[in-house]
Each structure stands twice: as structure tokens, then as C-alpha cells.
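Here's a quick briefing to read alongside the model. Have the sequence and the 3D view open as you go.

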Amino acid sequence: MPISNLIHKGRRRPSVFLLLLLIFLWSASCGLVMAKISTATTISQIEPQLMSNVDVVPKRHQLGLSLYLENCTTCHIPVPPQVLPTESWKVILEDYQHYGIQLPTLVDPPRQLIWNYLQVSSRAKSQQEERIPYRISSSRYFKALHPRVELPQNVNIKGCVSCHPSATKFDFRTLNSEWPE
């Protein structure tokens with residue numbers, strides 16, 4: 001039997017077929033991710049001066065910011081990364097029981113883009129013995145950003161809107177009229 005007949009009847013075709021199938025599935029999944037990204041809450045919907053509220057977001061991390069806003073604002077106001085140390089964001093991003101609520105698994109590349117944005121926008125924990133805060137009320141960074149504010153015992157992100165009326169738009173610089181500028 002000629003070798004060409006063996007190749008056509010052998011296992012070469014299924015492996016080529018399998019390779020083409022994998023390429024198609026990879027392309028389709030990349031297309032779905034890009035479609036989701038293009039319909040996400042975009043940075044252009046945020047005032048340029050409010051993009052990070054505290055620090056300027058480098059261009060290479062702006063997609064991560066958009067994905068962060070898209071994924072997190074469906075349940076609560078977007079929390080500025082600066083109020084928690086990087087280590088807290090790592091725990092939060094990896095926790096599928098997000099404050100007691102089961103979250104869908106965030107997969108790469110969006111997960112990695114969000115992580116890159118959070119890393120560059122948050123602060124590192126300064127002391128080794130410092131406990132990693134899981135809630136903003138335990139964060140010294142949150143307290144440092146509110147130096148003249150008498151915070152309630154149980155700080156809740158829903159309460160941010162009482163002082164920051166545009167917090168839902170990721171604007172924490174605009175204060176309500178009770179606070180002097």
C-alpha cells in the first residue's frame with residue numbers, strides 16, 4: 001500500500017482537523033473577549049481629569065481600568081484602587097466568594113489586565129507585620145485619604161455617595177455641598 005494512502009487513512013487528518021478546530025476555537029474566544037471589551041464601560045465615559053481620582057492611569061493600563069469598571073460596577077460603586085494596598089486587591093481578585101457573594105470566574109486576559117491596573121494604581125503595604133485589610137474601613141490608606149472626616153464605625157461603600165455624590169461615575173473628587181473645597 002502506498003504511503004500516500006496511509007496518510008489519508010491514518011491519523012494525520014484528525015490531527016490536522018483537531019489543529020484547525022483549536023485555531024477556530026481560539027479565534028472565536030478572542031473575538032468574544034474583544035466584543036465584550038468593546039461594549040464595556042469605556043474610559044471615554046469618565047471625565048479625563050477623574051480617570052483615577054488620585055493618580056494618572058498610564059495609557060497601557062486604561063483597558064484594565066475599563067474592565068475593572070465593567071466587572072465591578074454591576075454590583076457596587078467602583079472603589080478607587082488607592083484606598084487599599086496591592087495585597088488586598090490580590091486577595092479580592094482571587095476570592096470567588098467576594099464578600100460572601102459567589103462571583104463568576106474572571107479569566108485571562110481580562111483578569112490579568114484588571115490585575116495590572118490594580119497593581120499600578122494601588123499602594124504597597126509598607127510594613128511587613130501590617131495586616132492586609134480586606135475592608136476599606138480597616139485600610140490606613142482609606143483613612144489617610146479622609147484626614148478631616150469623622151468616619152462611622154462600619155464604613156460601607158454604599159455610604160460613599162453621601163459625601164461623594166458622583167461616586168457611581170468613579171468621581172470621588174466632587175464632594176457634596178456640606179464639605180468645603
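Let's start with a helix pair: the axes of H3 (residues 62–72) and H5 (residues 110–121) come within 8 Å and cross at roughly 105°. That angle falls in the 65 to 115 degree range, so H3 and H5 count as roughly perpendicular to each other. Keep in mind that this is a predicted model.

**Where H3 meets H5**

- On the H3 side, the contact is made by Leu 63, Gly 64, Leu 65, Leu 67, Tyr 68 and Asn 71.
- H5 answers with Pro 110, Leu 113, Ile 114, Tyr 117 and Leu 118.
- Sort the residues of this contact by type and you get 9 nonpolar, 2 polar and no charged.

**Further along H5**

- Ser 121 also sits in helix H5, and its side chain reaches back to the backbone oxygen of Tyr 117 at 3.0 Å.
- Tyr 117 is one of the H5 residues that meet H3.
- Ser 121 has a relative accessibility of 4%, and since the cut-off for buried is under 20%, it counts as buried.

**Salt bridges**

- The count for the model comes to 2 salt bridges.
- One of them joins the side chains of Glu 94 and Lys 90, at 2.6 Å from N to O.
- Both partners belong to helix H4 (residues 86–94) and are 4 residues apart, which is about one turn of the helix.
- Neither end is tucked away: Glu 94 is partly exposed at 45% relative accessibility, and Lys 90 is partly exposed at 39%.
- The side chains of Asp 108 and Arg 111 also pair up in a salt bridge, with an N to O distance of 3.0 Å.
- Asp 108 comes out as partly exposed at 44% relative accessibility, and Arg 111 as partly exposed with a relative accessible area of 24%.

- Phe 170 has a phi near 65°, a positive value in a residue other than glycine.
- That's worth a look because most residues other than glycine have a negative phi.
- You'll find Phe 170 in the segment after helix H7 (160–163).
- Is Phe 170 buried or exposed? With a relative accessible area of 1%, Phe 170 is buried.

Definitions and conventions
Residues numbered from 1 in each chain as written. Predicted model: local features only at pLDDT ≥ 70, side-chain atom pairs only at ≥ 80, totals over all residues. Heavy atoms only, no water. Helix = DSSP H or I, 4+ residues; strand = E, 2+ residues; numbered from the N terminus. Buried < 20%, exposed > 50% of the residue type's maximum accessible area, 1.4 Å probe, protein only. Axes fitted to C-alpha atoms, helices over the stretch in contact; angles between N-to-C directions. Parallel < 35°, antiparallel > 145°, perpendicular 65-115°, else oblique. Contact = heavy atoms within 4.5 Å. Nonpolar A, V, L, I, M, F, W, Y, C, P; charged D, E, K, R; others polar. Salt bridge = Lys/Arg side-chain N within 4 Å of Asp/Glu carboxyl O. Polar contact = N/O pair within 3.5 Å; in protein donor to acceptor, adjacent residues only side chain to side chain.
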